[in-house]
Amino acid sequence: MTHWRSRTSLTPFALLLATAVLLAPACGTRPKPPSPSAGIDLAGMDKSVPPGDDFNAYTNGGWIKATPIPADKAEYGIFTILADETRKRLLGLIEESAKAGPAAGEDSRKIGDYYSTFMDEAAIESKGIAPLKPQLDAIAAIADRHALSRAIGGRLRADVDALNNTSFETENLFGVWVTQGLTDPSESFPYLLQGGLGLPDRDYYLSATPHMADLRFQYQAHIAAMLKLAGFGDPSGSASRVFNLEMKMARVHATRVESEDVHTPVSWKRADLPARAPGLDWPALLDAAGLGDAPILIIWHPKAIPGLSALAAAEPLDAWKDWLAFHAIEQAAPFLPKAFVDERFRFYGKALSGTPEMRPRWQRGMDATSAALGDPVGKLYAERYFPAATKAKVEAMVADLIRAFGTMIDALTWMSPETKVRAKQKLATLKVGVGYPGHWQDYSGLQIVKGDALGNAQRADLFDYHRQLAKLHQPVDRGEWWMTPQTVNAVNLPLQNALNFPAAIIQPPYFDADADAAHNFGAMGAIIGHEISHSFDDQGSQFDAQGRLANWWTKADFDHFKAAGEALAAEFDAYHPFPDLAVNGHQTLSENIADVAGLLAAHEAYRLSLGGQPDVARDGFSGDQRFFISFGQSWRSKSREEQLRRQIATDGHAPEEYRADTVRNLDIWYDAFPVRAGQKLYLAPPARVRVW
Ligand SMILES: [Zn+2]
C-alpha cells in the first residue's frame, strides 16, 4: 500500500478556467513571478471558513465552488489537471516525432504507429469483430477441463502489483506479479493473486445496499449487451451464467483489507498445486502461462485460489466458456468498433463512476500508447520536460527529507535504541529514483503493426508479461522502476527498499522552481515524506533494510507503534462522506500513517532549510501557514458520488479532503493558524496521532 495516490483517475483534459493559476503552463510561456513566489492560489481559498473547522474548505473552498467537474471526468483536481497537461505534452511530442519520419523499428516509429492505428476509427470500424474472432472461436472449441485450464493460463498477464502499486483487480482468473520473494530478496518469484471479477471488488457482488444491488442488475445487462454485439445467440442466458459464476468467485475472494495482510501469502511448490488447490489442471494452466518451469509460486490469496480452482471443476463448462468469451470481448473493447466502446463506457464510465461523457478519443489513444510503450514514451517526455536542474533540486529535497526523518527517529522518546538503529539502517539504504529509471527497457522485441489496433495492444501486453517472466531467470534489479516517468504519482517499493518519483509529478504546483521553500516543502516535500514514510507504515515497517519481510522491532516498540496506528484508524473510521458510508480506517491505514509522518518530516526539512532564521511573510501568511496551505491545496479535488463510493470500497487511499485534514495531528498546525478547542478539526494534544 505504498503509492502516493489512487491510480483510478485516468481522466482527461478539459477547460481549466478557474484553475489556471495552479496549472503548469507549457515550457517558456510562464510569466516570471517575483522570485520566489509563495506558490499558493489565493483565489482558490475560502477564508470565510475557519481553518480549524474545515481545512480542506479553507484552502480549496473557492476553487470547489467555482469549478464544475467536467462532463467527461469522474473526479477533477490538481492530479487530473496535471495528468491532462502531461497527455497534451505527449501528444505534441508524438506528432513532432512522426513528422521527422522515423525508420521502421525505431521506438518513435512504434509510438507513432501505435497511436495513429488507434486513432484510425474508420479502419477499426470496417474490420468489425474480425480481429477478435480467432480468439472467440478458440474459446468456443474448448471441449474439456484440460483445454479450459490451458485457455485460462494463456490469458494470464503481469497485471497486478500487491505491494508497490497495490493493484489487486484483474478480470483474468489470476493476476501475476513477478518480483523479489517476501522473505528472500535475492531472488525473483512469480506471485499468484485472486481475480476473475468484472466488478471492482467482492463487495459489489455481496453487499446488500440498494446502490450495489442496482449496479449488479446493470452489470448483468452490460454482459448481455457485449455478448449480443459479438453475435452470441442467447446473450441473456450467457450473461446470467457469467454473472452467477462471478458471484461464486466473489464468495471465495478475500476482502480488500485481507489482501493487504503481508503475512497471509504462502510459498507453494509448483508440483503441490494440484493437491493444494484441486479443480484446475494446473500443469496445463501453468504451462500455457509460461510458468511451467517455476519451482515455487507465492500464493498471495491461499484461500481464494483453491476456492477459484474448485469452481473450475464444480461449475458447468459452458458457464466457463461464456465467462472467458465475455472477458475476452471486454478486454478487447477499447480496440473494437464504436458500439463496443460505447457499451463499455455506458457501464464502467456512467453507471460505475458517474461520468456523463466519454473522454475524447485522442486522450484514450494517448493513454493506451503510454501503457503499451511505457519506457519509450517516458524517455521522450523526460528528455523534453524534465531538466537536469530540476532533477538535482528534487534529489537535494529528498536528501533533506531523509535527514529530517532521521532526526525524527532520534527524537522519539518511546522507541528503544535497538529499534532506532535498525530504522536508521533502513533509511540509510533507501534507494531513491527521481524523474526516470537508471536504464531504459529495450522494446526492440515488440512488434507494432500499422492497422492492427487490437493486435498491437495484445502484443504489447504479452511483451510486458514476457519481460516480467524473464526476471525469474535474471539477477534481481533493485533499481527496477514500477511507474513510468509520465505518471503523475509516486511510489515506495518495499521489497527493493526504494522509491520512484516520476518526472510528471515534479511540476507546479507540486514542485515549483520559482516558489519558496514553504511551498515546495508543503507540497512536493510532503509527497517525498509520504513515500519515505511508507517504509515505516504498518506494512512497510515489517520489511527490513534489505527488503526482507522480517521483524526488526522489539516487542514493546512494535506494540506502541500498533497502538498509534489503531488511533489513526479510529480517526478515519469517523469520517462519513455519506450517511450510509464511512471511510475504512484499516483499509487506508498505511496511507494515513504515511501522510501524517510524511507531513511532519516535510515540516522538519522545511525548518532545517531555514537554518535557524524565521521565514518572511508572503501574501499575508507566515511561512508555517504557507507550508500548510500548500499542503492542503495539493489535495485539491472533487469527485462524483459514484466515484467516491468506488474509491472508498476499493482504494487504500482515503478521499482527498480527509487527507488534507491530516494537519490536525500536528502540533505546529495548531500554533500556525491558530486552532482552538471546540473547532471541528480540533484534537486535544493526547488525541493527536504521532506515529513517527
Ligand atoms: Zn502512499
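**Close-up views of a predicted model**

**View 1. Strand β8 is mostly covered.** Strand β8 spans residues 498–502, and five of its five residues are buried (buried means under 20% relative accessible area, exposed over 50%, partly exposed in between, with a 1.4 Å probe and protein chains only). Helices (H or I, at least four residues) and strands (E, at least two) are DSSP runs, numbered from the N terminus. This is a predicted model, in which local features need pLDDT of at least 70 and side-chain atom pairs count only at pLDDT 80 or more, while totals for chains, interfaces and linings use all residues. Residues are numbered from 1 along each chain as its sequence is written, and side-chain values use heavy atoms, with hydrogens and water left out.

**View 2. The side chains of β8 point two ways.** In a regular strand the side chains alternate between the two faces of the sheet. From β8, A498, N500 and P502 point one way, whereas L499 and F501 point the other way; all are buried.

View 3. Two strands pair if DSSP finds at least two bridges between them. Strand β6 (residues 431–435) runs parallel to β8, with five bridges in the pairing; within it, G435 has P502 of β8 as its bridge partner. Strand β7 (residues 491–493) is antiparallel to β8 and is joined to it by three bridges. Here V491 stands opposite N500 of β8. The hairpin of β7 and β8 has four residues between the strands, and N497 takes a positive phi near 45° in this hairpin.

**View 4. R645 lies in helix α25.** Helix α25 covers residues 641–650 and includes R645. The relative accessible area of R645 is 14%, so this residue counts as buried. Leaving aside residues up to four places away in sequence, R645 touches H211, F578, D580 and L581 (contact means heavy atoms within 4.5 Å).

**View 5. The protein chain provides the setting for the close-ups.** The secondary structure of the chain comprises 27 helices and nine strands. Its radius of gyration is 25 Å, close to the 26 Å that the globule rule gives for 692 residues, so the chain is as compact as a globular protein of that length (the radius is taken over C-alpha atoms; the rule is 2.2 Å times the number of residues to the power 0.38). The C-alpha trace spans about 75 × 60 × 50 Å along its principal axes. Of the 692 residues, 60% count as buried.
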